[in-house]
Amino acid sequence: ENLGSSINTAGWDAYFSMPANGAYAYYVSYTNSLGGADIFRQKLPNAIKPAPVALISGYVFHIKTKLPMRAKITYKNLSNGDVLGIGYSDSLTGKFEISLPAGFKYAILADKNDYYSVNEIIDLKKMTAYEELVKNIYMVPIEVGETARLNNLFFDFNKSVLKTDSYVELNQLVALMQQRQSLEIEIDGHTDDVGELQY
């Protein structure tokens, strides 16, 4: 897409890219170069800036040893369960990075044999400008007596019916139990974090 004379030249321009914050564009051009093709940086006018995104970075850790782990990272739209992308954390550092568009709520899940991930929620529904967020993921070994927190189970206040935003987390648990037919679990929790403790 030609972005007009403030960016595009009459010559050859290519390899247009931009960082997640959308503030600048980078491209290669022969026009006004120092000989051959050069890389240029151009501030983007508001009219052609992309919709805001959040740059999510973090690390995958073993919940007990706190050592970094390599795992498959899947990010999903929390409202419908659609998979938006898959990546891997670094095998030495456990680091991962993803960009997610504003306007939605997401679940970030990690997957590794013999572990269950404590999944993270990313709520970008009210985001209006570029943000950088840090979300670490902890992997719980599947062992007798082990406890794992399920972060993405949602209820309306004073009701016991699960909201559809809960299905991503529950489907991951179902898949784990289908892989391990002998696995038995107990789910313990509450639907009210506002009222009195007895209630």
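Me: Why is Glu143 called partly exposed in this predicted model?
Reply: Glu143 has 45% relative accessibility.

Me: What makes Lys64 partly exposed?
Reply: The value for Lys64 is 49% relative accessibility, and exposed would need over 50%, so Lys64 counts as partly exposed.

Me: How do you know that Glu143 forms a salt bridge with Lys64?
Reply: Their closest N and O atoms are 3.4 Å apart. The cut-off is within 4 Å, so the pair qualifies. Glu143 is in the loop between β12 and α1, Lys64 in the loop between β4 and β5, and 79 residues separate them.

Me: Why is the contact of Lys64 and Glu146 called a salt bridge?
Reply: N to O, the distance is 2.8 Å, and the limit is within 4 Å, so the name applies.

Me: What joins Lys64, Glu143 and Glu146 into one network?
Reply: Salt bridges that share partners join these residues.

Me: How do you know whether Glu120 is buried or exposed?
Reply: Glu120 has 17% relative accessibility; buried means under 20%, so Glu120 is buried.

Me: What makes Lys135 and Glu120 a salt bridge?
Reply: The closest N and O atoms are 3.9 Å apart, and the rule asks for within 4 Å, so the pair counts. Lys135 is in the loop between β11 and β12, while Glu120 is in strand β10.

Me: How many salt bridges does this rule give?
Reply: The count is 5.

Note on methods:
Residues numbered from 1 in each chain as written. Predicted model: local features only at pLDDT ≥ 70, side-chain atom pairs only at ≥ 80, totals over all residues. Heavy atoms only, no water. Salt bridge = Lys/Arg side-chain N within 4 Å of Asp/Glu carboxyl O. Helix = DSSP H or I, 4+ residues; strand = E, 2+ residues; numbered from the N terminus. Buried < 20%, exposed > 50% of the residue type's maximum accessible area, 1.4 Å probe, protein only.
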